[in-house]
Amino acid sequence: MPVSEASPQAVNRLLATLLEPEYQRLVPHLEHVSLPLGQVLHKRGESIEYVYFPHRAIVSLLSTPEEGSKVEVGLVGNEGVVGIPNILGDNIAATTAMVQLAGSGMRIKASLIKSEFQQGGVLQSLLLRYTQALYALASQNAACNRLHHLEERLARWLLLVCDRVGSNELRLTQEFISEMLGVRRAGVTDAANSLQQAGLIRYHRGKITIVNRQELEAACCPCYGIIKGEYARLLEH
């Protein structure tokens with residue numbers, strides 16, 4: 001039977017879904033770690049030493065096409081894992097993984113999780129389905145960034161982050177959000193003000209609170225529903 005989500009070692013939902021024998025094989029190698037804001041778990045082009053299973057932390061997967069620039073192409077919370085390239089057979093990171101919301105998680109040596117993955121079983125199935133969900137997220141993000149207004153994109157991004165931390169309060173600066181969305185800070189300020197004036201969010205000194213989630217979802221582009229649906233289809237069994 002699956003590991004109980006009440007287990008202190010299984011706050012991450014992927015770990016919580018494992019069958020007990022698989023989970024117990026991982027336990028001796030799992031290390032609880034703090035994930036402070038801004039910590040880089042791996043850089044693009046470098047080898048992946050550890051694979052991370054976040055708890056309440058959020059990790060951004062960043063594309064860095066040129067020096068000094070970055071844009072978020074994916075995000076990982078307690079539904080997922082950081083270090084997918086290693087699991088799929090390539091130990092070189094295609095993106096930079098940086099903690100955007102502090103928290104904690106479990107980490108394991110990349111070589112060990114790869115060996116367990118190669119044994120098949122529930123872990124392999126879960127990680128393959130998660131990879132597909134992450135690909136769906138990146139694909140939809142690319143379309144969203146091209147087709148939809150910034151206000152809709154900001155609403156989508158806030159909802160995705162809130163889903164992964166289980167809270168309607170987020171410690172985020174507009175400067176950081178602008179970097180994640182790949183837009184000017186002034187654009188994020190205008191979009192946030194618009195959502196605040198509509199009574200959907202409240203923003204004050206680096207803290208964003210969603211005050212009307214239902215209306216924020218209505219103000220969002222269709223991409224949020226598509227992404228959420230794919231994650232549910234692939235990971236919620």
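**Start: the whole chain**

The model is predicted. Colour the chain by pLDDT: the mean is 88, and 94% of the residues reach 70 or more. Next select residues 1-10, where the pLDDT is below 50. Beyond near neighbours in sequence, this stretch has 25 contacts in the model.

**Stop 1: the cysteines**

How many disulfides does a search of the whole structure find? The search finds zero. Cys144 is in no disulfide, and the nearest cysteine sulfur to its own belongs to Cys221, 3.5 Å away. A disulfide would need the two sulfur atoms within 2.5 Å. Cys144 is also buried, with a relative accessible area of 0%.

Now move to Cys220. Its closest cysteine sulfur is that of Cys221, at 4.3 Å, so the two are too far apart for a bond. Cys220 counts as buried as well, at 8% relative accessibility.

**Stop 2: the second largest pocket**

Select Leu61, Ile84, Pro85, Thr95 and Leu134. Among the 17 residues that line the second largest pocket, these five lie nearest its centre. The volume of this pocket is about 310 Å³.

Then colour three elements: β5 (71-76), α3 (84-87) and α5 (121-147). Each of them supplies at least two residues of the pocket lining. Which element gives the most to this lining? That is α5, with four residues. Sorted by class, the lining of the second largest pocket has twelve nonpolar and five polar residues, and no charged ones.

**Stop 3: the largest cavity**

A search of the whole structure finds one cavity of 30 Å³ or more, and about 50 Å³ of space lies in the largest cavity.

To see what surrounds this space, select Glu72, Asn141, Asn145, Arg156, Trp157, Met180 and Leu181, which line the cavity. By class, the lining has three nonpolar, two polar and two charged residues.

**Stop 4: Val161**

Stay with α6 and select Val161, which is in this helix. Is Val161 buried or exposed? Val161 is buried, with a relative accessible area of 0%.

Val161 and Ile58 are 103 residues apart in sequence and 7.4 Å apart in space. Ile58 is one of the residues in contact with Val161, once neighbours within four places in sequence are left aside.

**Stop 5: Asn78**

Finish in the loop between β5 and α3, where Asn78 is placed. Asn78 has a relative accessible area of 15% and counts as buried, because the limit for that word is under 20%.

What is Asn78 in contact with, leaving aside its neighbours within four places in sequence? Select Val11, Asn12, Arg13 and Leu14, then Pro54 and His55, and lastly Arg164. Each of these residues is in contact with Asn78.

Technical notes: Residues are numbered from 1 along each chain as its sequence is written. This is a predicted model: local features need pLDDT of at least 70, side-chain atom pairs count only at pLDDT 80 or more; totals for chains, interfaces and linings use all residues. Side-chain values use heavy atoms; hydrogens and water are left out. pLDDT is the predictor's confidence in each residue, from 0 to 100. Contact means heavy atoms within 4.5 Å. Buried means under 20% relative accessible area, exposed over 50%, partly exposed in between (1.4 Å probe, protein chains only). On a 1 Å grid over the protein atoms alone, a cavity is a set of points where a 1.4 Å probe fits but cannot get out, and a pocket is an open set with protein on both sides within 12 Å along at least five of seven lines; lining residues have an atom within 4 Å of a point. Grid points are joined across faces, edges and corners, and a volume is the space filled by probe spheres set on the points. Ala, Val, Leu, Ile, Met, Phe, Trp, Tyr, Cys and Pro count as nonpolar, Asp, Glu, Lys and Arg as charged, and the others, Gly among them, as polar.
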